[in-house]
Every structure is written in structure tokens, then in C-alpha cells.
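Here are my notes on the model, written as numbered points so that you can follow along with the structure open.

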Amino acid sequence: MLYGLPGTGKTLLAKAVASTSESNFISIKGPELLSKWVGESEKGVREVFRKARQAAPCVIFFDEIDAIAPRRSGTNGGGGDSHVTERLVSQMLTEIDGLEDLKGVVIIGATNRPDIIDEALLRPGRFDRLLEIPIPDKYARKQILQIYLKKKPLGADVNIDKLVDLTDRYTGAEIEALVNAAAIAAVREYIISKEQKFNKEKDTNNIEYQSSEIKKEKYEKDKKEEELEISMKHFESSLSKITKKKILLSLRQLIV
Ligand SMILES: Nc1ncnc2c1ncn2[C@@H]1O[C@H](COP(=O)(O)OP(=O)(O)OP(=O)(O)O)[C@@H](O)[C@H]1O
Ligand SMILES: [Mg+2]
């Protein structure tokens with residue numbers, strides 16, 4: 001069972017397992033199982049395990065497993081939903097216990113709410129290995145930044161070590177979002193400055209009467225001068241956007 005904060009890369013890790021392992025891979029999202037099989041979710045679970053046995057060696061990945069496996073005690077409000085999830089968990093336990101003599105089927109689960117997973121699912125022989133996917137440390141952040149900054153037109157002032165420090169306690173998803181936000185900020189600034197320049201030129205010189213040769217020369221010169229670049233200020237101005245999102249997210253977690 002992989003657990004950790006949203007955006008730490010649990011789903012990404014499972015996808016990597018899928019693409020690097022030689023075995024078959026069945027991926028199923030908890031909420032999907034509930035909605036796709038309305039009224040007969042247990043049948044859905046049975047179906048998944050049946051397919052996996054047929055396709056062995058096979059990995060079954062239950063993503064966002066908290067949706068199908070909240071505690072059966074009824075402490076979660078006991079709404080109309082609780083019976084469905086109760087039956088689902090029971091069916092899952094039956095299937096997992098039945099796997100013992102069936103070699104070649106491995107189950108991976110992922111959740112950002114390990115606290116609401118039914119304990120019976122975590123007992124030995126079931127999801128018995130709990131693996132925390134932590135938020136990235138300095139070294140990991142540097143690697144993640146390197147991935148997302150690759151092939152981006154970076155200004156000379158962009159210092160990756162400074163970005164590593166600025167993204168303290170950021171998840172992989174947040175680092176990716178920061179790089180994208182900085183890129184968008186740079187593009188926006190670039191377009192605005194081009195527009196302003198164009199308008200100014202239109203006003204001052206009579207652009208229509210310049211020969212095409214002069215125009216071309218000028219264009220080449222401008223292009224050299226004003227390449228689109230993401231500089232440190234774009235990262236800095238985007239930080240607050242990501243932090244705001246972070247606060248909202250943690251609030252949402254508190255409410256849930
Ligand atoms: N360690 C990482 N390296 C590179 N990219 C990452 C990393 N972690 C997250 N990302 C980026 O963030 C995206 C979201 O991550 P992912 O969906 O795997 O998070 P999760 O842990 O499954 O979150 P949730 O609990 O919300 O399902 C990934 O698709 C990837 O683009
Ligand atoms: Mg996920």
C-alpha cells in the first residue's frame with residue numbers, strides 16, 4: 001500500500017511499475033469502481049480479480065483505494081453509501097485471501113487517506129507492506145526540477161539550487177505546477193512587451209513605408225534581443241499562486 005500526501009507521485013510510481021515490469025497490469029480507480037458498477041460493485045471487484053488470475057503474472061493497482069475501502073464501523077456518517085463500501089471491502093478481503101495459493105498476482109494500493117482504510121485490509125497476507133511516499137527532500141527536488149526545466153528556455157539568472165530552497169515542502173506535482181506557472185508568466189510578459197513595442201513603432205515611424213529589407217533586418221535584430229526566457233522573477237512571482245493552492249488543499253483535507 002502506497003500512502004502519502006496528494007501529488008507526491010503515488011499514481012506516477014504505479015504507472016512506472018506498469019511500464020517497466022514484464023507482467024500484465026490492471027489499473028482501477030476506487031471511485032470508478034463505485035460509479036461504474038452501481039448496485040453491483042462487488043461484482044466489479046470479482047471481475048477484476050478474475051481477469052487478473054487469467055492474466056497472471058499480473059499486477060492489480062487499486063488507485064485511490066480509500067474510496068472503496070473506508071472503515072466498515074459506520075463512523076463515516078453511516079449514509080446510504082456505507083453498505084456498498086462495506087460489501088466491497090468484504091468482497092475484496094475474500095478475493096485477497098483466496099489469492100494465497102494463486103501465485104503471480106500482486107496487488108498494489110494507493111491512498112492519500114491511510115487513516116480511513118479498513119484495518120482488516122492492512123493485515124498480514126493482505127496489503128501488508130505500507131510504503132510511505134514522502135514529500136521530496138532537497139536532493140529529490142533538484143532531480144524533479146531538472147526533469148521539468150529540461151528543454152525550457154531559461155534565463156541566465158535561473159539558479160536551480162535557489163529553486164530547490166524556494167520549493168521546500170513542495171510535492172512533485174507542485175514543483176511541476178510552479179515551473180508551468182513560471183513559463184506562462186514569461187510568455188504573457190513576452191506577448192505584452194511585443195505588443196507594446198509594435199504599437200510604439202506604429203505610432204512613431206511610418207512602418208508601412210519601410211523597405212522590406214530594412215524590416216527584415218530589424219526583425220532579426222529584435223528577435224535576437226528579445227528571445228522568450230523564463231527568468232528567476234517569473235518563478236518568484238508564481239510561488240505565491242502555488243502556496244495559495246497549497247493552503248486551500250490542506251483546508252479541504254481538514255474538512256473531509
Ligand atoms: N517525484 C515526482 N517526479 C516527477 N513528477 C512528479 C513527482 N511526483 C509528482 N509528480 C508530478 O505530479 C503529477 C501528479 O502526481 P500523482 O498523480 O502521481 O500524485 P498522487 O500521489 O497519486 O496524488 P493523489 O494522492 O492526489 O492521487 C504527476 O503526474 C507528475 O507530473
Ligand atoms: Mg493518485
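1. In which helix does A186 lie? A186 lies in helix α7; helices here are DSSP runs of H or I with at least four residues, strands are E runs of at least two, and both are numbered from the N terminus. A186 counts as buried because it has 22 C-beta neighbours inside 10 Å. For that label, a residue is buried if 20 or more other C-beta atoms lie within 10 Å of its own, exposed if 12 or fewer, and partly exposed in between, with C-beta atoms placed from the backbone. Leaving aside neighbours within four places in sequence, A186 is in contact with L228, E229, I230 and H234 (a contact means C-beta atoms, placed from the backbone, within 7 Å). The C-alpha atoms of A186 and F235 are separated by 9.2 Å, though the two residues are 49 apart along the chain.

2. A word on conventions before going further. This is a predicted model, in which local features need pLDDT of at least 70 and side-chain atom pairs count only at pLDDT 80 or more, while totals for chains, interfaces and linings use all residues. Residues are numbered from 1 along each chain as its sequence is written, and chains are lettered from A and ligands numbered from 1 in the order in which they are written.

3. Now the overall layout. The protein has nine helices and five strands, and from the N terminus on its elements run β-α-β-α-α-β-α-β-β-α-α-α-α-α. Of the 256 residues, 25% count as buried. Among contacts with a separation of 6 or more, 81% come from residues 24 or more positions apart.

4. Take a look at β3 in particular. Strand β3 (residues 58-63) is mostly covered, with five of its six residues buried. Six bridges join it to the parallel strand β2 (residues 24-29), where I28 stands opposite F62. Five bridges join β3 to strand β4 (residues 105-111), again running parallel. On that side, I108 is the bridge partner of F61, and F62 stands opposite G109.

5. Is A14 buried, partly exposed or exposed, and why? A14 is partly exposed because 19 other C-beta atoms lie within 10 Å. Its place is in helix α1, and beyond its neighbours within four places in sequence A14 is in contact with F61, D63, I108 and A110. A14 and G109 are 95 residues apart in sequence, yet 9.0 Å apart in space, C-alpha to C-alpha.

6. Most residues other than glycine have a negative phi, and most peptide bonds are trans. A cis peptide bond joins A56 and P57, with omega about 0°, and P57 sits in the loop between α3 (41-55) and β3. E64 has a positive phi of about 50° although it is not a glycine; its place is in the loop between β3 and α4 (82-97), and E64 counts as buried because it has 20 C-beta neighbours inside 10 Å. R169, in the loop between α6 (160-166) and α7, has a positive phi near 70°. R169 is exposed because 11 other C-beta atoms lie within 10 Å.

7. Which residues are closest to ligand 1? Of the 15 residues that surround ligand 1, the closest are P6, G9, T11, G172 and A173 (a residue is near a molecule if its C-beta atom, placed from the backbone, lies within 6 Å of it). The elements giving two or more residues to this shell are α1 (10-20), α5 (138-149) and α7 (172-204). The shell draws at least three residues from each of domain 1 (2-132) and domain 2 (138-255), with domain bounds that come from an automatic or database domain assignment.

Note on methods: Two residues are in contact if their C-beta atoms, placed from the backbone, lie within 7 Å. Two strands pair if DSSP finds at least two bridges between them.
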